[in-house]
Amino acid sequence: MSDERVLLHHARVIDGHGREPVDDGALLVDGPSLLWVGPLAEAPDEAAGARRVDLGGRVVCPGFIDVHVHFALPGEEGNPIMGAGELPTYRALKVLERLRTTLENGVTTARDLMGLDAGFRQAVAERRIAGPRLLVSIAMLSQHAGHADFTLPGHIDGLAVAVAFPGSPGNLVDSVDGMRLRVRELVAAGADCVKLASSGGVTSPHDRPEWLGLRPEMIRAAVEEAEAYGGLPVAVHAIGRPGIEAAVHGGVSSVEHGYALDDELRAEMVDRGQFLVPTLLETVKDLDPTRTPPAAYAKGVRWHRIAQESVAGSIAAGVRVAMGTDSGLTAGHGNNLKELELLVRLGGMTPLEAITAATRDAAELCGVADVTGTLEAGRYADLVITDADPLTDIGALGDPRRIHAVVKEGRTAIDRAGVLGEALPPLCP
Ligand SMILES: [Zn+2]
């Protein structure tokens with residue numbers, strides 16, 4: 001009954017703004033949107049004829065937002081380079097499964113920072129496939145010998161053959177004019193944001209986090225171009241200090257990882273209103289010394305320790321944080337909300353602050369705060385319904401069994417505990 005208003009009541013509502021939950025709260029869903037949210041006793045006249053659904057005292061949060069995902073990468077199922085031996089159609093069909101799992105585990109918006117093209121976003125938006133609302137960077141840009149240089153022996157472009165989909169713009173750039181062209185190519189291909197890599201990486205074999213992987217003048221050019229095309233957010237992979245410094249000074253929107261942040265750069269990020277996306281899930285992955293080359297193992301151990309030791313200082317300094325997980329790199333898809341517990345345990349956030357980082361603040365970083373990220377009139381009805389009390393047990397949100405239902409744009413994506421019945425239409429009939 002898609003033309004019927006639905007009043008979800010007997011709920012504890014966490015609105016995404018960081019405020020204390022509203023007990024005995026209710027949400028009036030009207031088609032894809034929320035018409036009203038508040039204490040049931042204050043429900044407006046429009047609620048009178050609505051179909052009522054008793055949520056049994058469960059907690060309702062805004063649908064969560066993961067600002068750093070790679071749906072084109074296999075996570076713990078294997079190494080990204082496996083894709084070189086697979087047809088692009090087969091790789092695309094594997095993405096469908098990852099999108100569905102991620103949505104069903106509580107993520108209703110996800111930003112893919114290298115891999116997916118705009119066709120995936122379109123198919124999700126048209127409800128041809130189930131998945132979180134997508135924002136895509138399509139490519140990740142760096143100079144040659146930077147983090148986006150995945151050249152394989154024999155001069156084979158590893159990203160093009162194993163990760164990117166046919167027709168996607170290239171990712172290597174070595175001059176200011178070249179950067180302007182690359183960003184324009186991405187805009188023309190429908191990118192929602194620009195992803196740069198200004199330092200080397202932890203898991204990549206041929207570059208190091210300490211290296212500067214993109215000259216400051218190219219970062220500034222990318223930021224200027226992104227600004228000229230509607231103010232697209234610029235997200236920068238930066239782990240070591242030189243890369244972080246270049247990104248921060250260059251005026252980017254977010255530093256992804258940011259492990260080597262120090263007080264000087266933290267203060268500058270606060271002044272500039274730049275976000276940190278700590279991607280802690282990646283750092284708690286156990287490295288297997290028997291299956292990892294010794295140099296890579298040492299690099300991983302060292303940088304994961306730095307990441308875990310620095311994040312609390314960055315958060316305490318007042319740097320704004322948005323939740324991102326790097327899901328697909330080594331972490332499997334659908335574990336996104338495990339990051340919340342890490343933001344609390346390692347980052348020193350309160351559970352409510354962690355939830356805000358994964359809802360309202362993530363929406364602000366991505367430029368979608370006018371449609372999602374908070375539970376209030378006019379926003380999409382993107383909801384996570386759980387029997388957990390995230391304020392006393394934030395880790396429970398990382399367990400899919402505790403995610404009793406997920407609603408996206410007023411439609412049921414999954415209803416594990418049968419709380420919604422047939423009240424809302426299915427996401428993908
Ligand atoms: Zn990443």
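Reader: To begin with helix H9 (residues 338-345), how many of its residues are buried?

Author: Please note that this is a predicted model. Six of the eight residues of helix H9 are buried, and the helix is mostly covered.

Reader: Which residues of H9 are buried?

Author: They are Lys338, Glu339, Leu340, Glu341, Leu342 and Leu343.

Reader: And what covers the buried residues of H9?

Author: The cover includes helix H10, which spans 351-357.

Reader: Let us change topic. Where does phenylalanine 150 lie?

Author: Phenylalanine 150 is in the loop between S8 and strand S9 (151-152).

Reader: Is phenylalanine 150 buried or exposed, and why?

Author: Phenylalanine 150 is buried, because 24 other C-beta atoms lie within 10 Å. The cut-off for a buried residue is 20 or more.

Reader: Which residues does phenylalanine 150 touch, apart from those up to four places away in sequence?

Author: Phenylalanine 150 touches Gly158 and Leu159.

Reader: You mentioned S8. In what order do the strands of the open sheet with S8 come?

Author: The order is S6-S7-S8, three strands with parallel pairing. Strand S6 (64-69) and strand S8 (133-136) are the edge strands, each pairing on one side only. On average, neighbouring strands of this sheet are turned by 15° against each other, direction ignored.

Reader: How many bridges are there between S6 and S7?

Author: S6 pairs with strand S7 (residues 107-112) over four bridges, in the parallel sense.

Reader: What holds paired strands together in general?

Author: Strands of a sheet pair through backbone hydrogen bonds, and the pairing is either parallel or antiparallel.

Reader: Now to strand S1 (residues 6-13). Which way does S2 run beside S1, parallel or antiparallel?

Author: S1 and strand S2 (residues 22-30) run antiparallel and are joined by five bridges. In this pairing, valine 6 stands opposite valine 29.

Reader: What about S4 and S5 beside S1?

Author: Strand S4 (residues 51-54) runs parallel to S1, with four bridges between them, and leucine 7 stands opposite arginine 52 in S4. Strand S5 (residues 59-62) also runs parallel to S1, joined by two bridges; there, valine 13 stands opposite valine 60.

Reader: Finally, how many residues of S1 are buried?

Author: Six of the eight residues of S1 are buried, and the strand is mostly covered.

Methods:
Residues are numbered from 1 along each chain as its sequence is written. This is a predicted model: local features need pLDDT of at least 70, side-chain atom pairs count only at pLDDT 80 or more; totals for chains, interfaces and linings use all residues. Two strands pair if DSSP finds at least two bridges between them. Axes are lines fitted to C-alpha atoms, for helices over the stretch in contact, and angles run from 0 to 180 degrees between N-to-C directions. A residue is buried if 20 or more other C-beta atoms lie within 10 Å of its own, exposed if 12 or fewer, and partly exposed in between; C-beta atoms are placed from the backbone. Two residues are in contact if their C-beta atoms, placed from the backbone, lie within 7 Å.
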